[in-house]
Amino acid sequence: METRSVLTSIGELDQLREFARGAELEVVQLCPGQMTGILAHCDLEKSSFHLNKLSLPARGRGALSGDRWTFVVFPERTQGRFNSVPLSSEVLLAYPPGAEFQGTIASGFHDWVFTVDLDELSQTYAALFQNEMRIRCRGFQLLRPAPKATQALRTLANRTLKQSRQSHRLLEDAKARLHVHERLLELLAASIHSASRGLGRTPRAQTSRWQVVRKAEDFMREYAHQSISLTSLCNVTNASERSLRRAFHEVIGVSPMSYLTAIRMNRARADLEQSYREADTVASVAMRWEFAHLGRFSRDYQRFFGELPSETLLKGVAKDIS
């Protein structure tokens, strides 16, 4: 099996979408500006490491690995929410195979993601601590390990990703891959063990607000091409306007209607990138996503993405020709 190591420096939202292509993931840029960052990936066959750095606030939602557990750690001064949980350097997020995540990140976001087989992790845990690992097999879980445990995970990820970029031979060596893989299992087991007496639970109020946002977001994603009012969102979520606004500000950081506009803007951009194949025009794309005034759409689009919609269309043509 060929081992893959990828480092991508992104200079715009389109490159982030391209990197995530094939994954069941939708990324919505939440505010005006040029999305920049670094995305790194290292596949060890039995496990993997990922590094994500993004410059602008964004909302991500999608399904994670279908056959492995996914664990996520964060640096100091992290801001954002994943599944309604406030992020910090003290948190270790754990997702079972195929679990859905919903994440809202602030500017300057940074995280490390690990995927491993649960049976192997359980065996490592039992060998180290002569005990059965306590972690649910269904649903997202929040852990709070000892600070040294999460720091060790960050150090291992940084070192492995750096070495994989400097020399692909490291990852071509089966013994080297196995050594890093086993070290990852040990560190994850140690993190879970140190958190075993303090498994985190999301406060009920946060869970309730997350569920309100999820219902509204599901409705927006399905019917973004149709007229949607704040009243209709209140009816769908069975929440008052005040409660709905509060939930969106706490979970996503913007108002419901601002988020709906962001979804439509991002989808319009994705369509414009492919419009040369579908014989679409800027006007038809704008109308598809409920932007009734073409001139206003062009101005708002340029403010949001730093270029006119016609320029996005021309970039797609140039990319296809090259």
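**View 1. S255 sits buried in a loop between two helices.** In this predicted model, S255 has a relative accessibility of 14%, and because buried means under 20%, S255 counts as buried. To find S255, look at the loop between α8 (241–251) and α9 (256–278). Which residues is S255 in contact with, leaving aside its neighbours within four places in sequence? They are R245, F248 and H249.

**View 2. Five strands line up in an open sheet.** Reading across the sheet, the order is β2-β5-β10-β7-β8, and the pairing is antiparallel. The edges belong to β2 (25–29) and β8 (85–86); each has a single partner strand, so one side of each is left without a neighbour in the sheet.

**View 3. Strand β5 and its two pairings.** Take a moment with β5 (residues 58–63), a mostly covered strand in which five of the six residues are buried. With β2, strand β5 forms five bridges in the antiparallel sense. A handy landmark here is L25, whose bridge partner in β5 is G62. Strand β10 (residues 100–105) also runs antiparallel to β5, and six bridges join the two. In this second pairing, look for R61, which stands opposite Q102 of β10.

**View 4. The pairing of β7 with β8.** Here we move to the β8 edge of the sheet, where β8 has a single partner strand. How many bridges join β7 (residues 80–82) to β8? There are two, and the strands run antiparallel. F82 can be found opposite V85, a residue of β8.

View 5. Strands β3 and β4 run antiparallel and are joined by seven bridges. One of the residue pairs to look for is C42 with F49, its bridge partner in β4. C42 counts as buried because its relative accessibility is 0%. Four residues lie between the strands of this hairpin, where E45 takes a positive phi near 80°. The loop that holds E45 runs between β3 (37–43) and β4 (48–54). Is E45 buried, partly exposed or exposed? At 27% relative accessibility, E45 counts as partly exposed.

**View 6. On from β4 to β11.** Strand β4 is mostly covered, with five of its seven residues buried. Seven bridges join β4 to β11 (residues 109–116), and these two strands run antiparallel. For a landmark, pick out L54, which stands opposite F109 in β11.

**View 7. Q130, a residue with a positive phi.** Most residues other than glycine have a negative phi. Q130 is not a glycine, yet its phi is positive, at about 50°. You will find Q130 in the loop between α2 (118–129) and β12 (141–143). With 65% relative accessibility, Q130 counts as exposed.

View 8. How many disulfides does the count give? The count comes to zero, taking a disulfide as a pair of cysteine sulfur atoms within 2.5 Å.

Technical notes: Residues are numbered from 1 along each chain as its sequence is written. This is a predicted model: local features need pLDDT of at least 70, side-chain atom pairs count only at pLDDT 80 or more; totals for chains, interfaces and linings use all residues. Side-chain values use heavy atoms; hydrogens and water are left out. Two strands pair if DSSP finds at least two bridges between them. Buried means under 20% relative accessible area, exposed over 50%, partly exposed in between (1.4 Å probe, protein chains only). Contact means heavy atoms within 4.5 Å.
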